[in-house]
Amino acid sequence: MNEISNEYEIFSDDTVEEFEQLGAAYKKNEKNSKAKTKQYIIKRNLKKMKETAQGELQEEEYIEAECEGSLTALNYLGNMTSADYAFMMLAAYNDFPVKYHVYLTTKKVIIYEIGSLKHIGRQYVFEYTDISHFKFKKYKDYIKLFFKVEKDKYNQFRTAGNWLLYPFVNRRIGINIFNDDRELILKFIQRKLGSI
Amino acid sequence: MEEQIIDLLQKKQAKGIDLLMDRYSNLIYGVIYSMGHHQMKHEDIEECYNDVIFNIWSKIDQYDSKRGTFRNWMISIIKFKTIDYIRKCKKLPRDTVEENDSVLGQSLEDAVICKENHSALKKAIQKLNKVDEKIFTWRYLDELSVEEISTRLNMTPQAVYTRISRSKGKLRKWIGGIYNE
């Protein structure tokens, strides 16, 4: 019996060159800019993010609100600003995301770390009952939200990849929300936590 | 260059996309065009190109250097994606017939299949629960906006989106995956 090859199909240099010449001739008449392609990737990543979030929903559970937020220094990163912890700031800079995307459902909170071109990084899915501590602070243009969470759905709650940062940041999430409806989002979370 | 591109893509850095397009856009266009120029319109080729780049970006972790070169892996992705698009183009009824050499007109057989699918879809929509059926009809037959539907049903727009998405999933299951968006 013939074995199925596990290798990728091989294309000779001549074939590849032919393809490249054909592509170059076609491209002359087309103006698909890099920006357009990147926009397409962002759109697809956002769609994928939404589908992933919807995949987390159970029967009779709906997404009630969604927002995008940025990383905040509230509480935990503030602990590290002294000179003693200066070396950690670099680790934190490389490890933490700049942005989060948050979905608030009728039963739980779904948070995705967002990287370049909106790709999903680490994910956190936890119920409102798993939030052990919630704090907020209002500013003129944004609201700072801070959650301390006991566990997430998959028991893989790691808000930091670096073990040096782990004791400071794990199970804590701080987000700055700039959305126009940030007040409504805050009220929604308060109402959910108040009803527990 | 190739290693640098792979490394940047694995780290999910946008610069990887820039380098990928600088280095391989001719090749990507070339493969798509050589396979699909009879069936695909220019906008399909453009969309297919974007989709290929997205696939390389999101599936880069599946690339295994032991199984072959990055270039060969990439051509396989382009070929599969182009076949998908050719199939999609054949399935889609077109408003206008392509001016050049491609034959996109529906045959009688295609028209019959399309009609049968349409009636199967109608039946499937009726199988949804009443609220979902209403939402689906308003959204896709009456072409109301999600905001209007949410006001009519006193729901949040998000809840309407979720219901639409779930209904689509159910319909796909019931009709056997004929309708792919």
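At what angle do the axes of helix H2 (residues 34-55) of chain A and helix H2 (residues 14-36) of chain B cross? They cross at roughly 130 degrees and come within 11 Å. The model is predicted: local features need pLDDT of at least 70 and side-chain atom pairs count only at pLDDT 80 or more, while totals for chains, interfaces and linings use all residues. Residues are numbered from 1 along each chain as its sequence is written, and chains are lettered from A and ligands numbered from 1 in the order in which they are written.

**First stop: the two H2 helices**

Select both helices. Helices (H or I, at least four residues) and strands (E, at least two) are DSSP runs, numbered from the N terminus. Axes are lines fitted to C-alpha atoms, for helices over the stretch in contact, with angles from 0 to 180 degrees between N-to-C directions. The crossing angle of roughly 130 degrees makes H2(A) oblique to H2(B); angles under 35 degrees count as roughly parallel, over 145 as roughly antiparallel, 65 to 115 as roughly perpendicular and the rest as oblique. Next, colour A:Lys34, A:Thr37 and A:Lys38 of H2(A), together with B:Ala14, B:Ile17, B:Asp18 and B:Met21 of H2(B), which make the contact. Residues are in contact if their C-beta atoms, placed from the backbone, lie within 7 Å.

Select strand E2 (residues 99-105) of chain A. Of its 7 residues, 6 are buried, so E2(A) is largely enclosed by the rest of the structure. A residue is buried if 20 or more other C-beta atoms lie within 10 Å of its own, exposed if 12 or fewer, and partly exposed in between, with C-beta atoms placed from the backbone.

Strands pair if DSSP finds at least two bridges between them. Strand E1 (residues 63-71) runs antiparallel to E2(A), joined by 7 bridges; A:Glu66 has A:Tyr103 as its bridge partner. Strand E3 (residues 108-114) is also antiparallel to E2(A), with 6 bridges, and A:Leu104 stands opposite A:Val109. E2(A) and E3(A) form a hairpin with 2 residues between them.

Notes:
Contact = placed C-beta atoms within 7 Å.
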